[in-house]
Amino acid sequence: LILDAHPDFACPPETNIVKLCAQLASAWNVIEEASATTGIPHTVAEGIRHTLATFFGDYLTRRNKSRWCDKSLGTAAAADWLAGLYPKAKFICLYRHGMDVISSGLDAAPWGLMGYGFEQFAGMRQGNNVSALAAYWIEHTGQILEFEQQNTSRCLRVRYERLVADPEAVAAEIFSFLGAAPMPGITARCFGAERRTAPGPGDHKVWATRKITADSVGRGIRIPVGLMSQPQLKVMNYLLTELGYTPVDDAWRTSPCPPPVLQTGTGEASQRSANPEPDSLGDSIVRSVLTNIDPVIRS
């Protein structure tokens, strides 16, 4: 909604266009008899760009906007592909503390983990929804962080917690990163009567939202940590630490409610390099876990 409220940007509900086009490219490669290791063939890339130009060109004309954005769940898995297709594309890497994501997921799907990409994780946890959502967070956060580290100049790290605490400042940073004019007051106007009223795929709760608040920050403290396996918890804490979040340890368990979810000095200006020194990557066990993350998620 914040992006879409800017006069330059049109950001529709979740189209999943990135994943759909990656699938289209895979099918096109089969037809072209191209190897998957050779990158995107020129004819395939041109065909997909033409399709998207037509698709979003009409949308931009109707909205009287000049640039389109996509905000869809699970995009990180195909981000490398999109980065190759559009060398000038920029990426906003949005993170949130893992325990709060688990809490939000349980609130969004209280009768079973359906929607939001939860289904594939729910089936492997035998009713343990906390562990399933931890697996969901680990996989997607790991993919986003890996992409960010490999594409530093094209990525802006945004933490949900800072966005809701100071939305105007973070919105200004986003627009500056995108080369767009600042729009003071936009985080209030995006909920006004002029906002797009036709809901589509996305977080259904946003349509009942009237302002940005930090009320949900720290709610993950109520989640029983013991429902996660030790390998899961170790990987979660590795990712949390890399992103400047408070790890889930003994201090977390005894912290006040709400707990401090961000470590001191983790503003966007103090963001870590996307190419950290080898020693900051943690021990070899954790590196091995992240390299072979599927078995750990499912352990």
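Mentor: Let us begin with pLDDT, which is the predictor's confidence in each residue, from 0 to 100. This is a predicted model, in which local features need pLDDT of at least 70 and side-chain atom pairs count only at pLDDT 80 or more, while totals for chains, interfaces and linings use all residues. Residues are numbered from 1 along each chain as its sequence is written, and side-chain values use heavy atoms, with hydrogens and water left out.

Trainee: What is the mean pLDDT of the chain, and which stretch has a pLDDT below 50?

Mentor: The chain has a mean pLDDT of 84, and 83% of its residues reach 70 or more. Over residues 269-286, however, the pLDDT is below 50, although this stretch has 23 contacts in the model beyond near neighbours in sequence; a contact means heavy atoms within 4.5 Å. Where pLDDT is low, the predicted coordinates should not be read in detail.

Trainee: Why is α7 described as largely enclosed?

Mentor: A residue is buried when its relative accessible area is under 20%, exposed when it is over 50%, and partly exposed in between (1.4 Å probe, protein chains only). In α7, 17 of the 22 residues are buried, so the helix is largely enclosed by the rest of the structure. Over the chain of 299 residues, buried ones make up 43%.

Trainee: Why does T141 count as buried, and which residues does it touch?

Mentor: T141 has its place in helix α7, and its relative accessible area is 7%, so T141 is buried. Not counting residues up to four places away in sequence, T141 touches Y95, L239 and L243. The C-alpha atoms of T141 and Y95 are separated by 7.2 Å, though the two residues are 46 apart along the chain.

Trainee: What makes the link between S131 and Q232 a polar contact?

Mentor: A polar contact is a pair of N or O atoms within 3.5 Å; within protein, one must be able to donate a hydrogen and the other to accept it, and residues adjacent in sequence count only if both atoms are side-chain atoms. The side chains of Q232 and S131 make such a contact at 2.9 Å. S131 is in helix α7, whereas Q232 is found in helix α11. S131 has 0% relative accessibility and therefore counts as buried, and Q232, at 0%, counts as buried too.

Trainee: Why is the pair of F91 and F147 called edge-to-face?

Mentor: Rings of Phe, Tyr and Trp (its six-membered ring) pair if their centres lie within 6.5 Å; planes under 30 degrees apart count as stacked, over 60 as edge-to-face and the rest as tilted. By this rule there are 8 aromatic pairs. The ring centres of F91 and F147 are 4.7 Å apart and their planes stand at 65°, so this pair is edge-to-face. The pair links distant parts of the chain, since F91 is in strand β3 and F147 in helix α7, 56 residues apart.

Trainee: What makes a set of residues a nonpolar core, and how many residues has the largest one here?

Mentor: Such a core is a set of buried Ala, Val, Leu, Ile, Met, Phe, Trp, Tyr and Cys residues joined through side-chain atoms within 4.5 Å. The largest has 56 residues, and those with the most contacts inside it include I102, M228 and M236. Its largest share, 10 residues, comes from α7. Leaving aside neighbours within four places in sequence, I102 is in contact with residues including V130, L133 and A134.

Terms used. Helices (H or I, at least four residues) and strands (E, at least two) are DSSP runs, numbered from the N terminus.
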